[in-house]
Amino acid sequence: MPHEKSTRTRIVETALEEMSNGGLATLSIGHLAKACSMSKSGLFAHFGGQEALQISVIEAAIEQFRQQVVEPARQQSGTLARIEMLGANWTDWLLRDPSRPCPILQAAFEAPALTPKAAELARQARRGWTDWVERLAKLAIHEGGFAATTDAKRFAFQFEAIGVGCQSWSVVQGRDEAGRLTRASFTALIDSARA
């Protein structure tokens with residue numbers, strides 16, 4: 001049913017836009033129906049409730065992230081090249097619109113106010129990301145690209161901290177040069193771990 005898919009996609013895309021303005025936890029079926037020029041009952045038929053809506057929005061953001069950040073990095077040859085591209089792609093993703101938060105980070109920070117399943121999905125998205133960065137760091141150590149003394153867990157922590165700092169610098173504080181500072185920080189972190 002192509003028409004059904006296209007309507008659902010339009011609703012989720014509108015929800016992602018509205019989320020950046022007022023948050024996911026407070027995004028109601030009624031508000032979203034109005035933004036989509038639909039009836040509440042019509043929109044409800046696509047999601048069945050607040051939890052399904054929140055989960056669909058988070059899943060859509062994760063899929064966009066996978067396509068734009070993760071997959072291009074996975075296609076790189078060598079673990080170090082993958083880590084470098086992850087830093088570059090994540091910076092681009094975070095600064096797509098410097099006035100709007102990353103929907104995945106936003107959902108994670110809103111987790112206490114989300115429905116239980118949506119909150120767990122938002123938290124798991126962050127855990128999955130940092131776990132993967134840690135595994136890549138361990139692989140880089142194993143391959144000899146990173147020094148044997150590199151603490152893979154701390155590397156993943158610092159990698160995450162740079163991205164969160166980028167969001168704070170640009171979206172929260174409204175400062176310039178977030179891109180330059182974020183790219184320089186990723187480069188410094190990776191260089192500090194090199195063998």
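This tour moves through the structure from the whole chain to single residues, naming what to select at each stop.

Before starting, note that the model is predicted, that local features need pLDDT of at least 70 and side-chain atom pairs count only at pLDDT 80 or more, while totals for chains, interfaces and linings use all residues. Residues are numbered from 1 along each chain as its sequence is written, and side-chain values use heavy atoms, with hydrogens and water left out.

**The whole chain**

Along the sequence the pattern reads α-α-α-α-α-α-α-α-α. The C-alpha atoms occupy a box of roughly 60 × 35 × 30 Å along the principal axes.

Of the 195 residues, 44% count as buried. Buried means under 20% relative accessible area, exposed over 50%, and partly exposed in between (1.4 Å probe, protein chains only). Contact here means heavy atoms within 4.5 Å. Among contacts between residues at least 6 apart in sequence, 66% join residues at least 24 apart.

**Helix α7**

Select residues 116-143, which form helix α7. This helix has 28 residues and reaches 40 Å from its first C-alpha to its last, close to the 40 Å expected at 1.5 Å a residue; the expected span is 1.5 Å times one less than the number of residues. Now show side chains for the buried residues of α7, including Ala118, Ala122, Arg126, Trp129, Val133 and Glu134. Finally, select Gly144, which follows α7 and has a positive phi, near 95°.

**The nonpolar core**

Select Leu86, Trp90, Trp129, Phe155 and Phe159. Of the 57 residues in the largest nonpolar core, these five touch the most other members. A nonpolar core is a set of buried Ala, Val, Leu, Ile, Met, Phe, Trp, Tyr and Cys residues joined through side-chain atoms within 4.5 Å. In soluble globular proteins, nonpolar side chains tend to be buried together.

Centre the view on Phe159. Beyond its neighbours within four places in sequence, Phe159 is in contact with Ile83, Leu86, Gly87, Trp90, Trp129, Val133, Phe186 and Leu189.

**Along helix α8**

Move to Gln167, which is found in helix α8. Is Gln167 buried or exposed? Gln167 is buried, because its relative accessible area is 7%. Leaving aside neighbours within four places in sequence, its contacts are Leu94, Arg100, Pro101, Cys102, Leu105 and Val172.

Select Val172 next, also placed in helix α8. With a relative accessible area of 67%, Val172 is exposed.

Go to Phe109, in helix α6. Phe109 counts as exposed, at 63% relative accessibility. Its C-alpha atom is separated by 9.3 Å from that of Ala119, 10 residues apart along the chain.

Then select Ala35, in helix α2. Ala35 counts as partly exposed, at 35% relative accessibility. Leaving aside neighbours within four places in sequence, Ala35 is in contact with Thr14 and Glu18. Ala35 and Glu18 are 17 residues apart in sequence and 8.2 Å apart in space, C-alpha to C-alpha.

**Two loop residues**

The tour ends in the loops. Select Ser37, in the loop between α2 (29-35) and α3 (40-47). Ser37 is a residue other than glycine with a positive phi, near 55°, and it counts as exposed at 71% relative accessibility.

Select Glu177 last, in the loop between α8 and α9 (178-193). Although Glu177 is not a glycine, its phi is positive, about 70°. Glu177 is partly exposed, with a relative accessible area of 47%.

Terms used
Helix = DSSP H or I, 4+ residues; strand = E, 2+ residues; numbered from the N terminus.
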